[in-house]
Amino acid sequence: GVAPGEISLADVDADGHVDIAVATSSSRAVSILHNTGTGSFTSLTAPSTSLRPSALAAAGLTADIFDDLVAGGHGDFLVFLENEDGQTYQRQDIEIGFPIRQVRVADIDANGVGDIIAVSADSGRLQLLRNRLVGRQVPPRAPVAVQAEDVTRDLGGRIRVAWQDGDYGLQPPSQQIIPTTGYTVLRSASLDFAVAETLAVIPGGTFSYEDPDATPYSTFYYQVVAERAGLQSAPSAPASATSLPAPLIDVKLLNAPRVSRGDTLVAQVYLTPAQHDIAGVSVFMTYEPTAMTLIPSPSDTLRPFRVSTDLAASFTSAINGYHSGSFDSTGKVDLTLISTVPGGTTPLTASVEPVLLAELWFLASKEASTFLSIDDEPTTNRSSAVVEKGSGLWIEPVLGDTTKLSVRDLFVSGQIQVQQRVTTAIDGDLATLLFVRTTNDTLVSAINDEDRLRPGIQVSLDDQGRFNLDKIPVGTYRVFAKVATHLQGIVVGDTVSIDSSRRHLTFRWVAPDTSALSLLPAGDGNNDNHVNLADFGVLVRHFGSTPSSSEWTVARQTDYNGD
């Protein structure tokens, strides 16, 4: 402007760059040059002073992040220009009684806010104006820059809300003149907030909140209200987001958790696409070669992964190998599959059902506690991820937890077969196993026993009558097996020696005439290991009972065929 006076440097728009303010006497205003941050300046609207300003000071005098202006000159008053938003100024004239040569701002009384010092232009007078801002009840401005976004890499249900303080941006409370004490986060299912719920009250200085209960596939709207000394701001502008589940990559072990040294362990890698059609997937994994020896694909020993045959027609292996190029001690293996039918349908279309990608086969090498992990290593370019079909969007999936397993030196397995029962009917039944030493005392095994109030070792059977036992002490045993409703059997061979080798037990029933049956006979309705009229009486009493009958727990003992 014409006839410029004093210059002050201040960040008037709080963008981190120092701007220039100049008292312009001829235009009765303060000219402001905005620093773009690129080495150039642009003119902003010059706030009017109604006097010919020659003195100028800039500093924060109010409870916000914007520097204010104080001007004086040829008039007996000061002009206070409160900077509201970096562009708009609220003017207030302050009577002084003399023209002003210089004006300065400083915290004279050390209360955290600036005071105004004005020096007379025609006499030796000085006027101190103390800032009474501290202690005033100043309501906060509404929070700004509110954003809501779906939390990625989860199975849905979380939305993150972030904001800035309407007065102080991201300044901590220690730097705020009148600190904002808290923020209330509101949520609604509609934009008009006709029905809203309070999610949380967040302390001042925290500028984000994670909503843990956002129903997947539903859109939610959020507002934030600031509070200062009991006074609340207006609600912020709304922000919305929809929580969607990310694809899931997980591992399933076929024959875990019991793995014995020398066993083959099969790890299946699955992908659940969620709402995405998948054009490509990368899976990076790590195992411990000291505990497990990888068995590569029979068709190519340099390919550790055995890719699912269901994907053969629509995906090709761009990468299937050891991360270092050949087997090494790191145990890192990499797989990348790319669709060969960009416009066609593949098994990896949007679905909540897991799809088998590939298998890794291992030989359990030694007794150890070990792991198998899906890796996320951005620094080594080994981040497991998927690529969405059509958009080409790179998506970070949810990765299954590290799979932990124990390779045991040995364990005892076995199978009990019974007459009449259909194979599925025995699933979940408890069998009683008696390990009788040569000294005629019966083994107690707390690690295996599922019901310590009953004699012997109580162990669950699967749908084929199979069981597993851990850490049976070395020794020679006669082993007996009993299933409710059937007669007791003895291990084939009558005795078994438990040593450093894995043992698999099978049982037979031996009749009084020494003839034997591989299937344990049915008919023991009262579980006394005899079949006689007492069992027939129990059968007659409960004949025709079903699982809905009040006495089914007892009646089930006579359900010899498991129907």
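## Domains of the chain

Domain bounds come from an automatic or database domain assignment. Here the protein chain is divided into domain 1 (4–129), domain 2 (144–241), domain 3 (249–407) and domain 4 (411–557). The centres of domain 2 and domain 4, taken over C-alpha atoms, are separated by 62 Å.

This is a predicted model: local features need pLDDT of at least 70, side-chain atom pairs count only at pLDDT 80 or more, and totals for chains, interfaces and linings use all residues. Residues are numbered from 1 along each chain as its sequence is written, and side-chain values use heavy atoms, with hydrogens and water left out.

## An open sheet

Strands (E, at least two residues) and helices (H or I, at least four residues) are DSSP runs, numbered from the N terminus. Two strands pair if DSSP finds at least two bridges between them. Strands of a sheet pair through backbone hydrogen bonds, either parallel or antiparallel.

Four strands form an open sheet in the order β1-β2-β3-β4, with antiparallel pairing. β1 (4–10) and β4 (41–44) stand at the edges, each with a single partner strand, so one side of each has no neighbour in the sheet. On average, neighbouring strands of this sheet are turned by 25° against each other, direction ignored. Axes are lines fitted to C-alpha atoms, for helices over the stretch in contact, and angles run from 0 to 180 degrees between N-to-C directions. Strand β2 (residues 19–24) pairs with strand β3 (residues 29–35) over five bridges, in the antiparallel sense. Thr 24 has Ala 29 in β3 as its bridge partner.

## Two loop residues with positive phi

Most residues other than glycine have a negative phi, and most peptide bonds are trans. Ala 14 has a positive phi, near 55°. Ala 14 is found in the loop between β1 and β2. Arg 28 also has a positive phi, near 50°, and lies in the loop between β2 and β3.

Buried means under 20% relative accessible area, exposed over 50%, and partly exposed in between (1.4 Å probe, protein chains only). Ala 14 is partly exposed, at 31%. Arg 28 is partly exposed, at 35%.

Val 105 is found in strand β9 (residues 100–106). Its relative accessibility is 24%, so Val 105 counts as partly exposed. Val 105 and Leu 61 are 44 residues apart along the chain, and their C-alpha atoms are separated by 8.6 Å.

Thr 184 sits in strand β14 (residues 182–188). Thr 184 is buried, with a relative accessible area of 11%.

## The UniProt region

UniProt lists residues 142–246 as "domain: Fibronectin type-III" in an unreviewed entry. UniProt positions are given in the numbering used here, feature names are shortened, and annotations may be inferred rather than shown by experiment. Over residues 142–246 the chain is 0% helix and 46% strand.

## Nonpolar cores

A nonpolar core is a set of buried Ala, Val, Leu, Ile, Met, Phe, Trp, Tyr and Cys residues joined through side-chain atoms within 4.5 Å. The largest has 38 residues, and Met 285, Leu 357 and Phe 362 touch the most other members. Strand β28 (residues 355–364) gives the most to this core, with six residues. Apart from it lies another core, of 29 residues, among them Ile 457 and Phe 467.
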